[in-house]
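Please look over the sequence and the structure below. A short report follows, in plain steps.

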Amino acid sequence: MIIIKGKIVVISGPSGVGKGTICKRIMELINAKFSVSTTTRSPREGEINGKDYYFVSTEVFREKIKNNEFLEYNIYNENYYGTSKNEVLDIINKGINVLLEIDVNGAYNIKKIFPEALLIYIAPPSMEVLRQRLIDRRTEEISVIENRLKIAEEELKMVEFYDYVIVNDDLDKAILEVKECILKKI
Ligand code: 5GP
């Protein structure tokens, strides 16, 4: 019997670029499951444990690292974020496609493990637009926003290993472009 494994699609982009909205819409347009990451960051208003993230303590996260439970993990703005090995392998081994929304370091590590994974980076039209979006979102204090902007600048320098970079200057257009890239691959 031949089992065709599910494909891995990775979407990354700086905080505030709209990748959360893009991923939600993409999940309605393509045939894939979303991989829920684990994090030590506190939930934002409206975020649901087990749906947006598995929210855990630093102690629990470190235990999971020791137990080799992550495919990849990273520290982003002083919090841990990790992709569950079991979750992703269970999905792709059933022949189902999986969507990961993770940072640039995570994407790099996933590409090393799964060279056939499709990597898409969502870029802002400019850093100024990104700054304003983060301020308007009102989910973080200004010091956290400044830190996230610094990370975004660093991330942008590393995007050449992505298969596609899509600029989100028009949300509907960006969603269509992401969908097209994915449908070419899956
Ligand atoms: P946020 O705090 O805004 O939800 O996420 C912060 C950053 O962590 C984003 O760039 C997001 O894509 C990334 N991220 C979320 N889950 C994971 C994960 O499992 N692994 C890695 N490496 N990054 C993640």
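## The ligand and its neighbours

How many Å separate a polar side-chain atom of Arg41 from an oxygen atom of the ligand? The distance is 2.6 Å. Keep in mind that this is a predicted model.

Tyrosine side chains also reach the ligand. In Tyr53, a side-chain N or O atom is 2.6 Å from an oxygen atom of the ligand. In Tyr81, a side-chain N or O atom is 2.5 Å from a ligand oxygen atom. Taken alone, the ligand exposes 510 Å². The protein buries 97% of that area. There are 17 residues around the ligand. Those that come nearest are Ser37, Arg41, Tyr53, Glu72 and Tyr81.

## The sheet

Now turn to the strands. An open sheet is formed by 4 strands. Their order is S4-S3-S6-S5, and the pairing is mixed. Strand S4 (53-55) and S5 are the edge strands. Each of these pairs on one side only. On average, neighbouring strands of the sheet are turned by 25 degrees against each other, with direction ignored.

Look next at one pair of strands. Strand S3 covers residues 37-39. S3 pairs with S4 in the parallel sense, over 3 bridges. Opposite Thr38 stands Tyr54, a residue of S4.

## A helix across the strands

Which strands does helix H2 lie across? They are S3, S5 and S6. Helix H2 is made of residues 58-66. Its direction makes an angle of about 45 degrees with S6.

## Two loop residues with positive phi

Finally, consider two backbone angles. Phi of Asn77 is near 45 degrees. That is a positive value, and the residue is not glycine. Where is Asn77 found? Asn77 sits in the loop that links strand S5 (70-76) and strand S6 (79-84).

Arg138 also has a positive phi, near 55 degrees, and is a residue other than glycine. Arg138 lies in the loop between helix H5 (127-137) and helix H6 (142-156). Is Arg138 buried or exposed? Its relative accessible area is 75%. The cut-off for exposed is over 50%, so Arg138 counts as exposed.

Technical notes:
Residues numbered from 1 in each chain as written. Predicted model: local features only at pLDDT ≥ 70, side-chain atom pairs only at ≥ 80, totals over all residues. Heavy atoms only, no water. Buried < 20%, exposed > 50% of the residue type's maximum accessible area, 1.4 Å probe, protein only. Pairing = 2+ DSSP bridges. Axes fitted to C-alpha atoms, helices over the stretch in contact; angles between N-to-C directions. Contact = heavy atoms within 4.5 Å. Near = heavy atom within 4 Å. Polar contact = N/O pair within 3.5 Å; in protein donor to acceptor, adjacent residues only side chain to side chain. Areas by Shrake-Rupley, 256 points an atom, 1.4 Å probe, with all protein chains shown as cover.
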